[in-house]
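I'm jotting down what I look up as I go.

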Amino acid sequence: MTTVPRVTTDMTSPLLARRLANAGAASILFYNQPLELVRGQGAWLEAADGTLYLDAYNNVPSVGHCHPKVVAAIAEQTAKLAIHSRYLHEIVESYLERLKASFPSDLANIVLCCTASEANDLAMRIAMRATGRRGFIITENAYHGSTLATIDISPALWKRGSPLAYVRLVPPPSRRAYGDDITGGFTAAVAQAAAALEADGLGLAAFICDSIFSSDGVLTDPPGFLGPVVETVRAAGGLYIADEVQSGFGRTGAGMWGFQRHGVQPDMVTMGKAMGNGYPVAGLAVRPELLSQLCEDIVYFNTYAGNPVAAAAGLAVLDVIEQEKLIDNAAHQGAVLLAGIRDIVAGNPLISEVRGAGFFIGVEFAGVGAPARVKAIVEGLRQRRVLIGTTGRYGESLKIRPPLCFSDKEVAIFLEAFAEALAEVTAAPDGPGTGPVHD
Ligand SMILES: Cc1ncc(COP(=O)(O)O)c(C=O)c1O
């Protein structure tokens, strides 16, 4: 095993002190020794001390950090006109038409937003108005946003308390929850939750799920498991909202949208993150009649959303995905990455399951020591200049989610570092696995 020189960020650094003083309790930083980044290009990030890190975590700069075509599109449009959406602008309509072409044709309206929290918030309102019902079904560790409404359907961020009456949680579609019959078990759980909402007099407004269940641990298999779930939701009078913030824009390698892997047709699709490659662009694709119903009650306006600069960024992202064949790259290199990880973990008793689709991979660790081991791997990879994250209700899984431009060389660098970090954790005398289950 290579000896790795330790990364030594000064924990008394003035920048860290300033961050904590400025952002207070809302400041969330990765790593035992937080990382200061100054530049990005492709799949690489440069820290303030000049160290280069391979980014296998960030999905916002999805077509690559600071992609020159996206940067140029933003700069050019900013220099011409940046204004709200109450005037006509060609680039905005061109963008909406290009985006719409990627959806089933009945999702014929798109509302642009600045964040996906706004998009999900709006989707919730539309669902309640259209169905006349109030209940929502979500998975146990779902994350859908941080507004007053979406935090109610985002247990991943709850530190205490329990769901409000209008929100029903179901165990996520995992082998751990349902054994071998993930489809049957998950469908039955959703049916039961819908019946409970009906019995409570709330009824089911919508089932909303992240199409790759990112915060629940990256749950990808078997493709198609959402089919019977969506039928059940509709039979109960509810709508199906596909949250594509994580799985959209080609990440799964199986088309533009994660729901396509499941052969289902959503009533609404929400999106964000990768949409502007770093420029804040988010949105909601919706059937026109659903949107019209809400707009009988309220005027929807969002100052920054759908401005020509956002549209220019979004359009450039779509161009780059197409021109650089990034969906094919996610499918092909993602499969190489997944196979490489499976080879490395084969026979390792610490690991219970490896799951993935395209460039979105989850590696689940077994037992009560899992969260601490996962953290140790993330730190071990950081020491080897590779960035990944954690996921799952207890932080029991690794989340590997590189920019879609990740090349074969970068896959090889990742796999070498991953093998070393895993070997280090596997060889630790008691393992770091004596840590708490919850953290
Ligand atoms: C699945 C999912 N939905 C919604 C959101 C909220 O997005 P935003 O931070 O743009 O409001 C996130 C953010 O991480 C997400 O992962």
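Is Arg373 buried or exposed? Before I answer, a reminder to myself that this is a predicted model. I looked up the relative accessibility of Arg373 and got 15%. Buried means under 20%, so Arg373 counts as buried.

Next I checked where Arg373 sits, and its place is in helix H11, which runs over residues 370-383. I also looked at Arg373 together with Glu420. They are 47 residues apart in sequence, and going C-alpha to C-alpha I get 14 Å in space.

Then I moved on to the ligand. Which residues are around the ligand? I wrote them down: Thr115, Ala116, Ser117, Asn120, Tyr143, His144, Gly145, Asp210, Asp243, Val245, Gln246 and Lys273. Sorting this shell by class, I got 3 nonpolar, 6 polar and 3 charged residues. I also asked which element gives the most to the shell, and it is helix H4 (residues 116-131), with 3 residues.

A ligand oxygen is 2.5 Å from an N or O atom in the side chain of Ser117. With Ala116 the backbone is involved: one of its polar backbone atoms is 3.0 Å from an oxygen of the ligand. For Asp243 I noted a ligand nitrogen, 2.7 Å from an N or O atom in the Asp243 side chain.

How much of the ligand's accessible area does the protein cover? On its own the ligand has 390 Å² of accessible area, and the protein covers 82% of that.

Conventions. Residues numbered from 1 in each chain as written. Predicted model: local features only at pLDDT ≥ 70, side-chain atom pairs only at ≥ 80, totals over all residues. Heavy atoms only, no water. Near = heavy atom within 4 Å. Polar contact = N/O pair within 3.5 Å; in protein donor to acceptor, adjacent residues only side chain to side chain. Areas by Shrake-Rupley, 256 points an atom, 1.4 Å probe, with all protein chains shown as cover. Helix = DSSP H or I, 4+ residues; strand = E, 2+ residues; numbered from the N terminus. Nonpolar A, V, L, I, M, F, W, Y, C, P; charged D, E, K, R; others polar. Buried < 20%, exposed > 50% of the residue type's maximum accessible area, 1.4 Å probe, protein only.
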